[in-house]
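Trainee: I am new to this structure. Please take a close look at a single part and walk me through it.

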Amino acid sequence: MPVATVSVPGTTSGVGRAAAAFDEFCRRQSVPADARWRFQVALDEILSNIVRHGFRGRDGTIALTFAHDGRIVSVEVVDAAPAFDPRQAPAPDTTSPLEARRPGGLGIKFAQDLLDELSYERRGDENHLRLAWHVRPGAAGAASRTTDGNQ
Amino acid sequence: MEISDTREQGAVVVSPAGRIDSTTSDQLDQHLTKLVTGGERRVVVDFSRVEYISSAGLRVMLALAKRMKDARGAVALCAMGEPVRQVFDLAGFLPLFAVDGSREAAVRRVGGA
């Protein structure tokens, strides 16, 4: 199974480098367009959360492992920031009117709703997060999907 | 991120290209803020060249909508591809914005005609 790994600093520019590395992996491994954007959004959310709330300006590294076997695309994210289980994050506000709307907490919801799996484990002093998407037959691109990502 | 502005019938149409995420959203925010503080009251954001948007980008759009409301201006979004539309939908953002399929319709909506 094609696998690629990359380590980036736990900074905003590191998040950008991780996105570029995932793009490169997708190109080489012909990851379907539909899976690409879902992961790009989810990774931006997950990684920027780690930078902002995990490392909080301290030095740190985020290690990513990308895999694609033709049926499942997965990304594992490992960091040594304080323990944080994103599945326990409070639900965001998605209904208030404009004046009262706060955008916080949306990121975790996106990662959960756009992908099929989000699992978390604390191993020693590391957070291990796994994201996965089951490739839909005939899903060549985003345009072929018209409903939400949970089916 | 490349952002181009065009003037169409009194409205400014802002067209960002690529991804609107945590690495590019500040640039878009500064761009839009400058337009609004510079007096623009009819703004259209054209998403036709946007690959995807994450919550960092939604924050920028929310800030734009609030600023334009305070300034009694009009803002409309248009030409969202499926990835962009789906993220707006998941966030419950679609009811907060005027969203049009075409650029022409969005320009008409903000009163640029």
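Mentor: Start with Val107(B), which is buried, as 24 other C-beta atoms lie within 10 Å. (Buried takes 20 or more such atoms within 10 Å, exposed 12 or fewer, and partly exposed falls in between; C-beta atoms are placed from the backbone.) Val107(B) sits in helix 4 of chain B, residues 103-109. (Helices are DSSP runs of H or I with at least four residues, strands are E runs of at least two, and both are numbered from the N terminus.) The C-alpha atoms of Val107(B) and Gly10(B) are 8.6 Å apart, though 97 residues separate the two along the chain.

A word on the source. This is a predicted model, where local features need pLDDT of at least 70, side-chain atom pairs count only at pLDDT 80 or more, and totals for chains, interfaces and linings use all residues. Residues are numbered from 1 along each chain as its sequence is written, while chains are lettered from A and ligands numbered from 1 in the order in which they are written. Chain B has a mean pLDDT of 96, with 98% of its residues at 70 or more. (pLDDT is the predictor's confidence in each residue, from 0 to 100.) For the complex, the predictor gives an ipTM of 0.94 and a pTM of 0.92.

Now the contact between the chains. Chain B puts in 24 residues and chain A 23. (Contact means C-beta atoms, placed from the backbone, within 7 Å.) On the side of chain B that touches chain A, helix 2 of chain B gives the most, with 8 residues.

Notes. Contact = placed C-beta atoms within 7 Å.
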